[in-house]
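Thank you for making time for this one today.

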Amino acid sequence: MASRALDTIDITPPFTTADAAAMQIRFAGVAAADMLRELLTGELAGRIASVSSYGAESAVLLHMVAQIDKDIPVIFTNTQKMFGETLAYRDELSERLGLTDLRVFRPDPRLLAMKDATGMRWSYDPDGCCEMRKVEPLRRALAPFDAWISGRKGFQAGTRTALPRFEEDEGRLKINPLADWSKTQLDGYFEEHDLPRHPLEAQGYLSIGCAPCTSKVKPGEDPRAGRWRGWDKVECGIHVSALPGDDPVF
């Protein structure tokens, strides 16, 4: 009697740190738009999503993606603490760019009921608030994908100065196409393509997150200085663990 072949489950992650390093070498010196076009129409087609906060500079990356494929899934985590202006900008920009697959993820209401029934956790435990309202929903949103696109830029804060274009993140490939872009380049792209600005940017909000934890940036400060002002916190928890030398938040 022939022996029965056993079913096996492949638990190998889609991407490793070595894969990210190889990508970094492969696309060294390649323009961001050209790099994205090659990946989105090639080996990552159907396997990747773009994650956007619809913040002050989000229009640049979203425009690049839309120029390649308007059907690329775009993930937005609505923490339920967002500025109304951000939600309106999200809808306006998505419509203008012709994005067809905007996926909005919210916090688990059962988790909020257990751990943030008053909605005030941000005021005494911002890390815990971000974990429930942003990190956990994004994990759910990214479950079907092997890779994702982030809009981080190296100039935004001191913690991002050595930001690579490619990182391994929980077994996925995380791509930062604008990692080496300057504020001048971003502003030039906005002007060249006549992209709308986030309405709060003109008021001094240079990095825009949740309303309770976002303040105006003072002259000479990092663009992200207005986030979690007064706390020893510079990231929401989505990105921190991927940066060399940083301790994981979750």
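Predicted model: local features only at pLDDT ≥ 70, side-chain atom pairs only at ≥ 80, totals over all residues.

**The core**

The largest nonpolar core has 39 residues, and those with the most contacts inside it are Phe 166 and Leu 173. By a nonpolar core I mean a set of buried Ala, Val, Leu, Ile, Met, Phe, Trp, Tyr and Cys residues joined through side-chain atoms within 4.5 Å, where buried is under 20% relative accessible area, exposed is over 50% and partly exposed is in between, with a 1.4 Å probe and protein chains only. Among the elements that each supply at least two residues of this core are helix H1 (17-26), helix H3 (58-68), strand E6 (172-175) and helix H7 (183-192), and H3 gives the most, with 8 residues. Helices (H or I, at least four residues) and strands (E, at least two) are DSSP runs, numbered from the N terminus.

Residues are numbered from 1 along each chain as its sequence is written, and side-chain values use heavy atoms, with hydrogens and water left out.

Leaving aside neighbours within four places in sequence, Leu 173 is in contact (heavy atoms within 4.5 Å) with residues including Phe 15, Met 23, Trp 148 and Phe 166. A second, separate core of 8 residues includes Ala 49, Val 51, Leu 138 and Ala 141.

**The backbone**

Most residues other than glycine have a negative phi. Tyr 54, in the loop between strand E1 (48-51) and H3, has a positive phi of about 50 degrees although it is not a glycine, and Tyr 54 counts as buried because its relative accessibility is 0%. Asp 194, in the segment after H7, also has a positive phi, near 50 degrees, but Asp 194 counts as exposed, at 56% relative accessibility.

**The charged pairs**

How many salt bridges are there? The count comes to 19, a salt bridge being a side-chain nitrogen of Lys or Arg within 4 Å of a carboxyl oxygen of Asp or Glu. In one of them, Glu 38 pairs with Arg 26, the closest N and O atoms being 2.9 Å apart. Glu 38 lies in helix H2 and Arg 26 in helix H1, so the pair ties together parts that are 12 residues apart in sequence.
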